[in-house]
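Open the model in your viewer and keep the selection tool at hand.

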Amino acid sequence: MEPIRISSPADAISYMGHSLGYWPQESLVCLALEGKTLGPTLRVNLPGTTDPSESYAERVAHAVGFDREATAVLIALFTRQPWGQGHPKPFAAMIQGLERRLLAAGLLVHDVWIVGPESFATYDGANPASCGRATPLAALESCLMSAELVYQGSSVAPSDSPAIPELFAAVDHDAVQSVICAMSTNPAHSLEVAYQLWMDLIDHDGEPTHEQLAEVLAALQHVGLRDQILADMPGINEPMAATLFGATEEAPQWDRIDSSEKLLRQLLTIAAPTHAAAPLTMLGHICWWKGRGTAAANYLHVALTFDPDYHLARLLDQMLGAGVVSGWAQHKNTAYRNHH
């Protein structure tokens, strides 16, 4: 990553949003510093009331520590919880535990900020029991960092929760069901043909016909083919387990994954609820690979609404709940933002 100069809290907080590509909500964001160079940005959901501060802090410190070149960390809490005068500091025990664990790992915590809906402040103010003086969020828009990044073409989306695209806009349950029935006469051959169709659509970025969408959606109801497509999607020659968990040293071909994401979103426009769990779960898996946990949870929630027993969706949902971050999202050489 090219060196970028951060000279103010507004610069740092603004950079976090641009680095992620969206404005975090109820999130803890850690920006690693590699000497004078900015390292990767890590975002995790803030802990719930049932999540012990120490275990949460340990997981976050472990994830930040994956960057072996990191020497220091900048931290920001993005929350709607009140933190002004007369209110206790939110997540005080968690922040103390995280600072302690990062320091034990040899990482200096330079600064911690708290960012609310309308303003931000230094988390560790002059009074240990309260935060610093609030600065309006408008200061972020006028800072040099934001101006430079916007000039370079960067933008920050309002949130990481994409709307489910045109869900059931043109439901064709009968067409998909008829393809499923036809496949049952010679499943091995039918699934091979569907696999080749998927690859052709991805590699040539063509616009699929309604019939092709129905064929692909029907084939994805077969768990084996779904997993094979997920494993082959990144375009790298690695064991299936390593690919599915984003645990390879080689970076995935993010352009192929983006093309797959586009096709899966097209499938949702014809998918009836009985056939929607597969593409929804695969979209959630892609978001998890990219480190976009909120978007992944959004897709998985809808998938489990339609099919509460869909095993892969339940597994991924449990991983998200435990704070598991994909390996690719934890390393600057494999992370999604670095492929542009």
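In what order do the strands of the open sheet lie? The order is 2-1-3-4-5-6, six strands with mixed pairing. The model is predicted, so residues are numbered from 1 along each chain as its sequence is written, local features need pLDDT of at least 70, and side-chain atom pairs count only at pLDDT 80 or more, while totals for chains, interfaces and linings use all residues. Side-chain values use heavy atoms, with hydrogens and water left out.

**The sheet**

Helices (H or I, at least four residues) and strands (E, at least two) are DSSP runs, numbered from the N terminus. Two strands count as paired if DSSP finds at least two bridges between them. Select strand 2 and strand 6 to see the edges of the sheet, where each pairs on one side only.

Next select strand 4 (residues 108-115) and strand 5 (residues 119-122), which pair in the antiparallel sense over three bridges. A hairpin of three residues joins strand 4 to strand 5. Pick Ile114 and look across to strand 5: the bridge partner is Ala121.

On to strand 6 (residues 135-136), which pairs with strand 5 in the antiparallel sense over two bridges. Phe120 has Thr135 of strand 6 as bridge partner, and Ser119 stands opposite Pro136 in strand 6. As background, strands of a sheet pair through backbone hydrogen bonds, either parallel or antiparallel.

Helix 3 lies across strand 1, strand 3 (72-78) and strand 4, and runs at about 165° to strand 3. Angles here run from 0 to 180 degrees between N-to-C directions, and axes are lines fitted to C-alpha atoms, for helices over the stretch in contact.

**Helix 7 and helix 11**

Select helix 7 and helix 11. Their axes are 9 Å apart and the helices pack at an angle of about 115°. Helix 7 passes helix 11 in a right-handed crossing (left-handed if the near helix is turned anticlockwise from the far one by less than a right angle, right-handed if clockwise).

Which residues make the contact? Show Trp198, Met199, Leu201, Ile202 and Asp203 of helix 7, then Arg256, Ser259, Ser260, Leu263 and Leu264 of helix 11. Contact means heavy atoms within 4.5 Å. By class, this contact has six nonpolar, two polar and two charged residues. Ala, Val, Leu, Ile, Met, Phe, Trp, Tyr, Cys and Pro count as nonpolar, Asp, Glu, Lys and Arg as charged, and the others, Gly among them, as polar.

**Cavities**

On a 1 Å grid over the protein atoms alone, a cavity is a set of points where a 1.4 Å probe fits but cannot get out; a pocket is an open set with protein on both sides within 12 Å along at least five of seven lines; lining residues have an atom within 4 Å of a point. Grid points are joined across faces, edges and corners, and a volume is the space filled by probe spheres set on the points.

The structure holds two cavities of 30 Å³ or more. Stay with helix 7 (187-204) and helix 11 (254-267), which each give two or more residues to the lining of the second largest cavity. Its volume is about 60 Å³. Helix 11 gives the most to this lining, with four residues. Gly206 and Pro208 are also among the lining residues.

The largest cavity has a volume of about 100 Å³. Of its 12 lining residues, Pro40, Thr41, Leu42, Ala63 and Val64 are the closest to its centre. Strand 1 (27-34), strand 2 (37-45) and helix 2 (53-64) give two or more residues each.

**A pocket**

Finish at the second largest pocket, with a volume of about 260 Å³. Select Ile6, Ser7, Leu33, Leu38 and Leu74, which lie nearest its centre among 16 lining residues. Strand 4 gives the most to this lining, with three residues.
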